[in-house]
Amino acid sequence: MAENNFSNNEASKRYELLVEGQIAYAEYIKTSKGVVYITKTLVPIELEGKGVASKLVNLVLEDIKKNGQTVVPQCPFVKRYIALNPEWGSLVENFIK
């Protein structure tokens with residue numbers, strides 16, 4: 001899974017990762033104050049069990065960090081990913097820590 005298959009589709013308000021001709025994505029809402037609410041992730045059934053969701057979320061968090069933003073994980077998968085990868089905890093908006 002190459003990072004060059006990762007993009008921020010701002011028109012659709014979702015990060016996308018193209019894998020094996022399929023698109024996995026994470027929907028978001030961004031505020032004017034630099035807070036990114038990740039509301040949903042979706043991985044096509046054909047890609048399940050291949051680590052695609054974890055790769056997608058990692059790339060999303062890298063992008064959020066690079067842009068100096070913070071995250072509010074509303075999606076259960078993203079919440080669990082951050083809990084299992086505490087190095088991303090510093091990106092989590094303070095009021096939900």
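Predicted model: local features only at pLDDT ≥ 70, side-chain atom pairs only at ≥ 80, totals over all residues.

Q: How many helices and strands does the protein have?
A: Helices (H or I, at least four residues) and strands (E, at least two) are DSSP runs, numbered from the N terminus. Counted that way, the protein has 2 helices and 5 strands.

Q: What is the radius of gyration of the protein?
A: This value is taken over C-alpha atoms, and the globule rule is 2.2 Å times the number of residues to the power 0.38. The C-alpha trace spans about 35 × 30 × 20 Å along its principal axes. With 97 residues, a compact globule would come out near 13 Å, and the protein agrees with that, at 13 Å.

Q: What share of the residues in the protein is buried?
A: Here's the scale: buried means under 20% relative accessible area, exposed over 50%, and partly exposed in between (1.4 Å probe, protein chains only). Out of the 97 residues in the protein, the buried share is 42%.

Q: Of the contacts with a separation of 6 or more, what share joins residues 24 or more positions apart?
A: A contact means heavy atoms within 4.5 Å. Among the protein's contacts with a separation of 6 or more, residues 24 or more positions apart account for 41%.

Q: How far apart do the centres of the positive and negative side chains lie?
A: Lys and Arg count as positive and Asp and Glu as negative, while His and the chain ends are not counted. Each charge is placed at NZ of Lys, CZ of Arg, CG of Asp or CD of Glu. The protein has 12 positive and 11 negative side chains, and the centres of the two sets are separated by 6 Å.

Q: How many salt bridges does a search of the whole structure find?
A: To count, a side-chain nitrogen of Lys or Arg must sit within 4 Å of a carboxyl oxygen of Asp or Glu. One of the pairs is Glu 16 with Arg 14, whose closest N and O atoms are 2.7 Å apart. Both Glu 16 and Arg 14 are buried. The search of the whole structure gives a total of 3.

Q: Which residue forms a salt bridge with Glu 20?
A: Glu 20 lies in the loop between strand S2 (14-19) and strand S3 (22-30), and its partner in the loop between strand S4 (35-42) and helix H1 (52-66), so the pair ties together parts that are 30 residues apart in sequence. The closest N and O atoms are 3.0 Å apart, and the partner is Lys 50.

Q: Is Asp 63 buried or exposed?
A: Asp 63 meets Lys 66 in a salt bridge, at 3.5 Å from N to O. The two are 3 residues apart in helix H1, which means about one helical turn separates them. Lys 66 counts as exposed at 65% relative accessibility. Asp 63 has 13%, so Asp 63 counts as buried.

Q: Which residues does Asn 58 touch, not counting those up to four places away in sequence?
A: Asn 58 is found in helix H1, and is buried with a relative accessible area of 18%. Asn 85 is 27 residues away in sequence, with the two C-alpha atoms 9.5 Å apart. Leaving out residues up to four places away, Asn 58 touches Tyr 81 and Trp 88.

Q: How far apart are the C-alpha atoms of Val 72 and Leu 47?
A: Val 72 lies in strand S5 (residues 70-73). At 5% relative accessibility, Val 72 counts as buried. Along the chain, Val 72 and Leu 47 are 25 residues apart, and their C-alpha atoms are separated by 26 Å.

Q: What is the phi of Lys 13 near?
A: Most residues other than glycine have a negative phi. Lys 13 is in the loop between strand S1 (6-9) and S2, and is exposed at 51%. Its phi is positive, near 55 degrees.

Key: Residues numbered from 1 in each chain as written. Heavy atoms only, no water.
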